[in-house]
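Subject: Handing over a structure

Hi there,

Here is the structure I promised to pass on to you. Please have it open while you read, and my notes follow just below.

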Amino acid sequence: MAGIKIREMLSELCGQKIAADSYVGFFINDCGEYLVFVQPRGEDTATLLHSDMDWKPCEVADLALKQLRSRSGPMTVGDILIDAAEASWLTGCLEATAWMREGTAQRG
């Protein structure tokens, strides 16, 4: 029940529809900006939304995970500049949802 309410609140916050079976991650950075990670089940990409970017959706895939693991300091994911703490959080989100993306590239 709490998971449904959290999804509804985050969906309202960022203006994006979030399916009930999607994995959702939420982060507040040291500037007070919000980041929302959404991984729909069975999709080969996730979506990263950032309040400082007017919630413009940015697709994130396993390639981003490889890039995040190999860098430190500020980096970009799509058009979004993220710092090391945000990258660590995003890496965790991508690792936690790898099973949701498995096999999707072969089906497409």
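At what angle do helix α2 and helix α3 pack, and how far apart are their axes? In this predicted model, α2 (residues 62–69) and α3 (residues 84–96) pack at about 135°, and their axes are 10 Å apart. Angles over 145° would count as roughly antiparallel and 65 to 115° as roughly perpendicular, so α2 is oblique to α3. The crossing of α2 past α3 is left-handed.

On the α2 side, the contact is made by Ala64, Leu65, Leu68 and Arg69, and on the α3 side by Ala87, Leu90, Thr91, Leu94 and Glu95. Sorted by class, that contact of α2 with α3 has six nonpolar residues, one polar residue and two charged ones.

**Two arginines**

Arg69 is in helix α2. Leaving out residues up to four places away in sequence, Arg69 touches Thr91 and Glu95. Between Arg69 and Thr91 there are 7.4 Å from C-alpha to C-alpha, with a sequence separation of 22 residues. Is Arg69 buried or exposed? Its relative accessibility is 53%, and the cut-off for exposed is over 50%, so Arg69 counts as exposed.

Arg101 sits in helix α4 (residues 98–101). Its relative accessible area is 3%, and buried means under 20%, so Arg101 is buried. Which residues does Arg101 touch, not counting residues up to four places away in sequence? They are Gln39, Glu43, Asp44, Thr45, Asp62 and Leu94. Among them, Leu94 also takes part in the contact between α2 and α3.

**The loops**

Asp54 and Trp55 may be worth a look in your viewer. Asp54 lies in the loop between β3 and β4 (58–60), and Trp55 has its place in the loop between β3 and β4 as well. Most residues other than glycine have a negative phi. Asp54, however, has a positive phi, near 55°, and Trp55 has a positive phi of about 65°. As for accessibility, Asp54 counts as exposed because its relative accessibility is 70%, whereas Trp55 is buried because its relative accessible area is 15%.

Gly42 is found in the loop between β2 (34–39) and β3 (46–50). With a relative accessibility of 29%, Gly42 counts as partly exposed. Gly42 and Ser22 are 20 residues apart in sequence, and their C-alpha atoms are 9.3 Å apart in space.

**Cysteines**

How many disulfides does a search of the whole structure find? The search finds zero. Cys31 counts as exposed, at 60% relative accessibility, while Cys93 is buried, with a relative accessible area of 4%.

**The chain as a whole**

The protein chain has five helices and six strands. Along the sequence, they follow the pattern α-β-β-β-β-α-β-β-α-α-α. The chain has 108 residues, of which 37% count as buried. Taking the contacts with a separation of 6 or more, 38% are accounted for by residues 24 or more positions apart.

Enjoy exploring it!

Best wishes

Note on methods:
Residues are numbered from 1 along each chain as its sequence is written. This is a predicted model: local features need pLDDT of at least 70, side-chain atom pairs count only at pLDDT 80 or more; totals for chains, interfaces and linings use all residues. Side-chain values use heavy atoms; hydrogens and water are left out. Axes are lines fitted to C-alpha atoms, for helices over the stretch in contact, and angles run from 0 to 180 degrees between N-to-C directions. Helices (H or I, at least four residues) and strands (E, at least two) are DSSP runs, numbered from the N terminus. Angles under 35 degrees count as roughly parallel, over 145 as roughly antiparallel, 65 to 115 as roughly perpendicular and the rest as oblique. A crossing is left-handed if the near helix is turned anticlockwise from the far one by less than a right angle, and right-handed if clockwise. Contact means heavy atoms within 4.5 Å. Ala, Val, Leu, Ile, Met, Phe, Trp, Tyr, Cys and Pro count as nonpolar, Asp, Glu, Lys and Arg as charged, and the others, Gly among them, as polar. A disulfide is a pair of cysteine sulfur atoms within 2.5 Å. Buried means under 20% relative accessible area, exposed over 50%, partly exposed in between (1.4 Å probe, protein chains only).
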